[in-house]
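Biologist: I have not looked at this one before. Can you walk me through it?

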Amino acid sequence: MWSPDRTVREPVTWIRIVVVSPEEVIGLELIVECDCGWSCRGTEDEVVTACTAHGRDVHGMDLTREQVLAVSKPVEADGDGAG
Ligand SMILES: [Zn+2]
C-alpha cells in the first residue's frame, strides 16, 4: 500500500522501460471483418486507416483507433513453414 507521507529519496532502479521494437509492431498483421461483409487486412496503421474510412463512408460512423483495434483480430500465419 502506498503511503502518501512517505518520500522516496533513493533512485528507483527496478523500473525498466520496455520498448517494443518497430519490427515486431510492423510484422503483426490484423484483420477486421465488418457486418456488411467488408473486410480489411494489414498492419495496425493500415487497418485503422481503412476501417475509419470505411465506417465513415459506408456506415456514417466515426470510429476511433481504439474501437477499430477492439474488433480487430491478429492474422495467424498459415500452417506451412515454421518460423
Ligand atoms: Zn461495413
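Biologist: How much of the protein is buried?
Modeller: Of the 83 residues in the protein, 8% are buried. A residue is buried if 20 or more other C-beta atoms lie within 10 Å of its own, exposed if 12 or fewer, and partly exposed in between, with C-beta atoms placed from the backbone. This is a predicted model, where local features need pLDDT of at least 70, side-chain atom pairs count only at pLDDT 80 or more, and totals for chains, interfaces and linings use all residues. Residues are numbered from 1 along each chain as its sequence is written.

Biologist: What does the pLDDT average?
Modeller: The average for the protein is 80, and 59% of the residues score at least 70. pLDDT is the predictor's confidence in each residue, from 0 to 100.

Biologist: OK, what is the secondary structure?
Modeller: There are three helices and three strands, running α-β-β-α-α-β from the N terminus. These are DSSP runs numbered from the N terminus: helices are H or I with at least four residues, strands E with at least two.

Biologist: What order do the strands take in the sheet?
Modeller: The open sheet has the order β2-β1-β3, with antiparallel pairing. Its edge strands are β2 (39-42) and β3 (73-74), each pairing on one side only. Two strands pair if DSSP finds at least two bridges between them.

Biologist: How many bridges between β1 and β2?
Modeller: Four, with β1 covering residues 30-33. Val32 has Cys40 in β2 as its bridge partner.

Biologist: Which residues make up the largest nonpolar core?
Modeller: Six residues: Leu30, Val32, Val47, Val48, Cys51 and Val68. A nonpolar core is a set of buried Ala, Val, Leu, Ile, Met, Phe, Trp, Tyr and Cys residues joined through C-beta atoms within 7 Å. Helix α2 gives the most to this core, with three residues.

Biologist: And what is Val47 in contact with?
Modeller: Leaving aside neighbours within four places in sequence, Val47 contacts Leu30, Val32, Cys40, Gly42, Val68 and Ser72. Contact means that the C-beta atoms, placed from the backbone, lie within 7 Å.

Biologist: Switching to Val71: why does it count as partly exposed?
Modeller: Val71 counts as partly exposed because it has 13 C-beta neighbours inside 10 Å. Val71 sits in helix α3 (residues 65-71).

Biologist: How far is Val71 from Ile31?
Modeller: Their C-alpha atoms are separated by 8.8 Å, while the two residues are 40 apart along the chain.

Methods: Contact = placed C-beta atoms within 7 Å.
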